[in-house]
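Me: I would like to learn how to read the features of a protein model, one at a time. Could you take me through this one?

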Amino acid sequence: MKTKLFAITTLLLALIAWSCNSPKATEPTESTETETKSETEAVSESDFSALVGQWCDAHNTKDVAVLSNIYGQNVMFYGSPMDKNECIENKLAFFKKKPDFKQEATGEITIENISVDEVKCSFTKSVTVDGKTTDYPSYLHFRKAGNDWKISIESDLVTDENLAKRTEKKNLNQEMGDRYDVPGTYDFNGDGKKESCYLLEPKKYDDEDHFMECEGECNCLIMFSDSNIPPIEVETCIGGKPKIYGDLDGNGTIEIGIWPWWWTSCWHTFYIYTLVNGEWEFFVEPFSVHCNLMEALEESGEPIITPVKGQKDMFKIIYSYFDEEEGIMEGTEIVKKL
């Protein structure tokens, strides 16, 4: 009997000792945590870099099936929320307009774990279009969808900066004065949809103590019905009627001109703008135009700028100049697109 009792007691003590010395399942050891972290880093470096490469290749091969598979159901696409189908439709429209388009992720791809189900990949995107190559600091966000990772955000730092500038100006409508609506609708940004535009004058004081003064900056804004198209700010301008010249250079976007009004003088600079990478730039060097020329062009309907036949990116402009003997004169010049 004593022998049996001793054996049972020894067994119980052994079980207690084993229980105290064994690691608990609910408390992972430091080595387990390190292994988990290493696993995540390994997946990030391999799988996410491969996903970025797959995204680039799908653009170059115009592979709709791959694009459809790699995007999530909803995408923040360069600042605009879209569903997957709308995003891909935009891609296809761009591919059709720019058949030579290609892109490549160059340099190191930086992986950042935003959360357990979201990862940000930052890289330099080298884009070639119309024979020119430009680098953009770009990024993609991938979000976990079941067992797969799908693109939830696509953008670049250049677009982000431009969007921030637009946000700063979003309340300018409330500070502006009279409005002039430009007749007709046009596809200003080449997306296949037509937009309208209008000019907003600055608010001007109407009392004698502030003669020829604006309440803020004496600048006009050319605004568009599509909020994704940035406004054109025309400096030293209290009014005007924007002129639509169509797609002068055949790149799919519409060029806009304006002769700014001012309180004094009939000599003003004529500006022609073109949309480049989502921002308005001068199409040709601004040039001097007298009000006499503007009146003559209004009467005749002759455009102030026309393409030179057979000469790529060359245009004929009509301008004004002053001759000491003849006075105010009209001239023409062949200029190159900027």
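Me: Among contacts in the protein between residues at least 6 apart in sequence, what percentage join residues at least 24 apart?

Reply: Please keep in mind that this is a predicted model. Of the contacts between residues at least 6 apart in sequence, 45% join residues at least 24 apart. The protein itself has six helices and 18 strands, and buried residues make up 35% of its 338 residues.

Me: In what order do the six strands of the open sheet lie?

Reply: In general, the strands of a sheet pair through backbone hydrogen bonds, either parallel or antiparallel. Here six strands form an open sheet in the order 2-1-6-5-4-3, with mixed pairing. Strand 2 (80-83) and strand 3 (102-115) stand at the edges with a single partner strand each, so one side of each has no neighbour in the sheet. On average, neighbouring strands of this sheet are turned by 20° against each other, direction ignored.

Me: In which sense do strand 1 and strand 2 pair, and over how many bridges?

Reply: Strand 1 (residues 71-77) pairs with strand 2 in the antiparallel sense, over four bridges, and Val-75 stands opposite Met-82 in strand 2. Helix 4 (residues 84-97) lies across strand 1, strand 2 and strand 6 (148-156), and runs at about 65° to strand 1.

Me: Which residues make the nonpolar surface patch?

Reply: Trp-267, Phe-322 and Ile-328 make a nonpolar surface patch of about 300 Å². Ile-328 belongs to strand 18 (residues 327-336), and it counts as partly exposed because its relative accessibility is 36%, which lies between the cut-offs of 20% for buried and 50% for exposed.

Terms used. Residues numbered from 1 in each chain as written. Predicted model: local features only at pLDDT ≥ 70, side-chain atom pairs only at ≥ 80, totals over all residues. Heavy atoms only, no water. Patch = residues over 30% accessible without salt bridge, like charges linked within 9 Å, V, L, I, M, F, W, Y side chains within 5 Å. Areas by Shrake-Rupley, 256 points an atom, 1.4 Å probe, with all protein chains shown as cover. Salt bridge = Lys/Arg side-chain N within 4 Å of Asp/Glu carboxyl O. Helix = DSSP H or I, 4+ residues; strand = E, 2+ residues; numbered from the N terminus. Buried < 20%, exposed > 50% of the residue type's maximum accessible area, 1.4 Å probe, protein only. Contact = heavy atoms within 4.5 Å. Pairing = 2+ DSSP bridges. Axes fitted to C-alpha atoms, helices over the stretch in contact; angles between N-to-C directions.
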